[in-house]
Amino acid sequence: MVYEAGKLDIAVIGAGHAGIEAALAAARLGCHTAVFTINMDAVGNCPCNPSIGGTAKGHLVREIDALGGEMGKTADACTLQSRMLNLGKGPAVHSLRAQIDRNQYARVMKHKLELCPNLEMKQAEVVDIRRDAEEWVLTTRLGAQYGCRAVILATGTFLGGRIFVGDVSYDGGPDGMFPATELAGALKRLGIALRRFKTGTPARVLRSSIDFSDLEVQYGDEPVTPFSFDTETPPENKCVCHVSWTNARTKEVILQNIHRSPLYGGMIEGVGPRYCPSIEDKIVRFSEKPRHQLFIEPCGAETEEMYLQGMSSSLPEDVQIAFYRTIKGLEHVQIMRSAYAIEYDCCDPLQLTSTLEFRAFPGLYGAGQFNGSSGYEEAAAQGFVAGVNAALKLLGREPLILDRASSYIGTLIDDLITKGVSDPYRMMTSRSEYRLVLRQDNADERLTPIGRRLGLISDARWAKFEKKQAQKAAEIQRAEKTVLPPSQALNDILVSRETSPVTTGVRLAELLRRPQLSYQNLAPVDSTRPDYPREIFESVETALKYEGYIKRQLQDIAEMRRLEKRLLPPDVDYTQIAGLRLEAREKLSRVRPENIGQAGRISGVSPADISVLLIWLAARDGHGEPQS
Amino acid sequence: MKTIAAISTAAAPGGIGVIRISGDAARAVGDRVFRAVSGEALRDAAGYTCRFGYVADESGARLDECIATVFAAPKSFTGEDVVELSCHGGLFILKSVLQAVFAAGAAPAAPGEFTRRAFLNGKMDLAQAEAVMGLISAQGREAMKAAQAGHDGALSRRIATIRNDLTDIGAHLAAWADYPDDDIPQVNETMLKDRLSAGRRSLEALLDSFDGGRVLREGVETVIAGKPNAGKSTLMNLLAGCERSIVTELAGTTRDVVEETVLLGDIPLRLADTAGIRETEDRVEKIGVQIALDRVKTAQFVLAVFDASEALNDDDRAMIEAIGDTPCVAVVNKSDLPAAIDMAEIEAHFAQVVTISALSGDGLSALAEAAAQVLRTAALNPNDGILYTERQRADVKAALDCLTEAQDALQGGMTWDAVTVSLEGAVAALNELTGERVSDAVVDRVFEKFCVGK
């Protein structure tokens, strides 16, 4: 039996990190939105590590926040411990990571969705999706039928999920949830190309079964830097993490049982992430390494479950117990939840455009692991962009297209839709060629004006933003104008910092450009310094110190944007363009880049092919003879 | 596209000269100028066949005997229908035939246009196209060898070696930045500096190869200077005589000066306005001392001729001063006469001094070696892969600048995120050169070489 359950502007399938941002953004922009979840207790779940952020991922969280998304604020509210990673390695790679209380995080997120106007939450498994003349029609397992103007697929590891623990395998979602078993078939019937990816997670163990006495302790930063530009009172560190190592015995146990791994036994067909290898993978692939590191992290403030970061595995349960117990501190460890691998269906993101809409299916969007990415933050970023774009399209507004030079979010999406993925995609700072410009400290400067135009930044937050930008500008001016006399006090500082002393007055900005000097060092001689928040001085110092590099990257960006403006018509027949190499023809036909800039980033498309495309475009526009 | 034609062999007197016609109307144009002995028309000829006959102009006047070869699209150099007319050579005859071909409907090919069409029709990649351009304009044997090495990928291999090492460093730095909590070998600053320096040295050597490579390929604008009776015209005759076959006379369409190319060792010397020198020594004097000195200043290469049998005079010294930093070999002539010249003074001014007898030819090979030193072609092994084009040079220069920047950042105490950006800039520039895009090379290498991840 099916019944008409009503009309929706936007349906979001899945309420993980992608679905949450998609649903909130769409509803906040005024669209009647519903989010579907297989289990209401899975909303905002963190089925893998109990942390948000990390290298490049911290950038993503700050960018989502700068645009008006939710992840950063909720992470701040649930922080157990926080660290700014890579201090000392340079501002481009500073990244925030927080251990969070995963239960609290899920509760807070669910509550935010519940409170959001225009947003409905439904516990239901979507079993069918089809296109009617006018709309998308979703059917749930219980027979409810919804007519939707747009649908966002944010199915995570639920879609066709299958669990592997040793030789045991069964259909299942993450964290013991039911999988979505029928939706994948419906998507295939639509003509969407799906593939199998896999990921894995380590065991959760009981805190009191661990001997911490001999383990290295890892503390949080004091004071903590919050994720959100909105958070007024920074969170506090409430707990510590610990570090341990595997050893020769661990290796021995794992290698003795490697034939019982579903991956090495050939049972898993899905492609796993290169950056997130299981411990058995690490031991086999890097056999020369005598030991591997692991982190012991708390799952929450009100639970004794501990997460063993670095130790994901799909070995049988008995082998897991045996090898975990070879590790120092874990000799008597009690496993509460076993490690497992999960295989799932996802799409080939080359089918998507930069708004994350399917090129062939207007009104249908993908986000998160469904698009071949991995990670909560990558998912949330795409969810936000898909939700915003689905809404903007219904509202008849211009789409939100973030290019590579705007953000890590733009880089992530551009990578997905132009390069495709061969394993689950993780964000890294090395993926951004513009990383000296795309820093976590200036995410608001880069993106909050965009969030404001979208209508997702409140007046109060906008006022705060403008004040901060004004303070930055004023401080840069002050630094450029303030001349410090060549006093003994100044020269003492310069000599102590191993940089050359001065004999004449010197501008504050000039001193700050020296790598050896910081605002902090110069405080005693900088008498006119205003009372601004710490982050103002940090941003200004970075802007001054890296000025030359930033200028050059801005030139690169201008060049990149020039090529992005050379649009390629969506219906180009690449097989008919003389001069394109065969591989380029195939790749271009498959990826269908929106512009020359994107075309140039496709692997298999050479600069020579780009020259041919440019000549072809010029000829087509009447600046020469046609090429074919 | 228009059907185009040009003389596609070197514009030099030789055994056979070839006129290439390419385009949809190539056979039709061919049929208008070519009469096969067998009476067959080129339009009916299969690809890769040839016909013997003769070429005639519009009036039907027979110009030369000829073999016409037909290549059918797309299996030709340009990917289009091509007809090649092989005539008996001789610039005058070839030019007459070409005029007839134009009159029959072909348009003159722009420089490099055959190659451009080959490239556009997918017959070659950019690096190959550029190597072929180099091949076409190769004026000396070495340039020919170097261009062939480019076609075979010697340059690409040389670049790949440098790029591979830079990618390794980049991957290590990326792993270090992206996996701060992972157990990654420390990046050692000394090692980093050493490898950046090594990368720079390799790139600098490549850049040197460009200057030398260009000399071999394009020749070098050369002035033979010297006071009256030093032996300029004798030297000129010696050079011109030693390999008569490649002396060319291009009554240029774009320039009025008569230019003559002679080979000195492997280096083509382009002697500007040599007519003046060769006619009579008197006429050179009429040019006036000032003009002669000006030409020395603007030349790419100077052969400064001194008379060994006389002491240096004011004319000699004025010339030495005018030469300044211009690449130059001092040629002390008339070694067959008793020496009166102060060799020490000459050696004080010139790094390369050669004693010859232009009359007998003694010392000519030493002169060639000295020129190779000065023009940096001596150390060049064309089989190693050298840079041919401005584009390639610009890419290598960009990569070198990036590495210099990375080194400066490291030296100046900047954080390593700045170093990595410069380093990746260098890798990107080298990829641009070989026409590859491996933008994810660094990321891929991280996962290949380091055990990272939770």
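Buried residues make up 48% of the 454 residues in chain B, where buried means that 20 or more other C-beta atoms, placed from the backbone, lie within 10 Å of a residue's own. This is a predicted model, so to speak a computed one: local features need pLDDT of at least 70, side-chain atom pairs count only at pLDDT 80 or more, and totals for chains, interfaces and linings use all residues. Residues are numbered from 1 along each chain as its sequence is written, with chains lettered from A and ligands numbered from 1 in the order in which they are written.

Staying with chain B, its secondary structure comes to 17 helices and 14 strands; these are DSSP runs numbered from the N terminus, helices being H or I with at least four residues and strands E with at least two. Of the chain B contacts with a separation of 6 or more, 67% come from residues 24 or more positions apart, a contact being two C-beta atoms, placed from the backbone, within 7 Å.

Now for the cores. A nonpolar core is a set of buried Ala, Val, Leu, Ile, Met, Phe, Trp, Tyr and Cys residues joined through C-beta atoms within 7 Å. The largest one has 192 residues, and Ile10(A), Ala11(A), Ala22(A), Val151(A) and Ile152(A) touch the most other members. Leaving out residues up to four places away in sequence, Ala22(A) touches partners including Val12(A), Ala154(A), Ala367(A) and Phe384(A). Another core, of 45 residues, lies apart from the largest one, and Val223(B), Leu263(B), Cys328(B) and Val332(B) are among its members.

Have a look at strand E5 of chain A, residues 95–100, next. Six of its six residues are buried, so the strand is largely enclosed by the rest of the structure. Ser95(A), Arg97(A) and Gln99(A) point one way from E5(A), while Leu96(A), Ala98(A) and Ile100(A) point the other way. Strands count as paired if DSSP finds at least two bridges between them. E5(A) runs antiparallel to E3(A), residues 51–53, through three bridges, with Ile52(A) opposite Ala98(A). Six bridges join E5(A) to E4(A), residues 79–85, also antiparallel, and here Met84(A) has Leu96(A) as its bridge partner.

Finally, the domains of chain A. An automatic or database assignment sets the bounds, among them domain 1 (7–198 + 344–454) and domain 4 (565–623). The centres of these two, taken over C-alpha atoms, are separated by 30 Å. Seven residues of domain 1 are in contact with nine of domain 4.

Technical notes:
A residue is buried if 20 or more other C-beta atoms lie within 10 Å of its own, exposed if 12 or fewer, and partly exposed in between; C-beta atoms are placed from the backbone.
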